[in-house]
Amino acid sequence: MRKLVLSILARDDAGVLTRISGLFARRGYSILSISAGIAENKGLSRLTVVAQGEPQTLEQIKKQVKKLEDILEVDILEPEKSVLRELVMIKIKADCTKREAVSAVAKIFRAKVVDVSKDSMVVEATGDSVKIDGFIELLKEFEIMEIVRTGLSAIKRGCEYQN
């Protein structure tokens, strides 16, 4: 099984995300993560979809997505030629006796403390999936109350771009 990272440029029309996720559901393909947002040009959205499967299945996914209404470009992003990042926010049960230790772990991962309350703190980190997984693993020594991950966002390196 291989992972496939697709960068999709689509018209920013109602239902485009539903059509993409519906295609995956109808064909029995699994989406590992999906993130979407406004693209560099007005009226366009850029989506990053991560799927997993056999090589021929992954190629079929790309072809099927390209056929969808409102899809302008579909590009496979190779990890060595792309910047791949995730955002994670983690709420940890931490009274004043544990805050310094949590902050020390956050500092190692260049994470930020973004909220502190009487009995908890929220830290955020960005990075590749391996870094995020490692950060979560180290924070397990504390009581993790909640984790929110954005899913992968990705962009090609260098001057190549979709338009």
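In the predicted model, Val 5 has Val 50 of strand β3 as its bridge partner. This pair belongs to the contact between strand β1 (residues 2–11) and β3, which run antiparallel and are joined by 10 bridges. Strand β2 (residues 31–38) is also antiparallel to β3, with 7 bridges between the two. Within that pairing, Ile 34 is partnered by Val 49 of β3, and Ile 38 stands opposite Ser 45 of β3. The hairpin of β2 and β3 has 5 residues between its strands, and Gly 43 there adopts a positive phi near 85°. Strand β3 itself (residues 44–53) is mostly covered, with 9 of its 10 residues buried.

These strands are part of an open sheet of 4 strands, ordered β2-β3-β1-β4, in which the pairing is antiparallel. Its edges are formed by β2 and β4 (71–76), each of which pairs on one side only. On average, neighbouring strands of the sheet are turned by 15° against each other, direction ignored.

Two helices pack on this sheet. Helix α1 touches β1, β2, β3 and β4, and its direction makes about 15° with that of β3. Helix α2 touches β1, β3 and β4, and its direction makes about 5° with that of β1.

The two helices also meet each other. The axes of α1 (residues 16–27) and α2 (residues 55–66) come within 10 Å and cross at roughly 135°. At this angle α1 is therefore oblique to α2. The crossing of α1 and α2 is right-handed. The residues that meet are Leu 23, Phe 24 and Arg 27 on the α1 side and Ile 61, Gln 64 and Val 65 on the α2 side.

An α-helix has 3.6 residues a turn, so residues three or four places apart point the same way. Arg 110, which follows α3, has a positive phi near 55°.

How values were computed:
Residues are numbered from 1 along each chain as its sequence is written. This is a predicted model: local features need pLDDT of at least 70, side-chain atom pairs count only at pLDDT 80 or more; totals for chains, interfaces and linings use all residues. Side-chain values use heavy atoms; hydrogens and water are left out. Buried means under 20% relative accessible area, exposed over 50%, partly exposed in between (1.4 Å probe, protein chains only). Two strands pair if DSSP finds at least two bridges between them. Axes are lines fitted to C-alpha atoms, for helices over the stretch in contact, and angles run from 0 to 180 degrees between N-to-C directions. Angles under 35 degrees count as roughly parallel, over 145 as roughly antiparallel, 65 to 115 as roughly perpendicular and the rest as oblique. A crossing is left-handed if the near helix is turned anticlockwise from the far one by less than a right angle, and right-handed if clockwise. Contact means heavy atoms within 4.5 Å.
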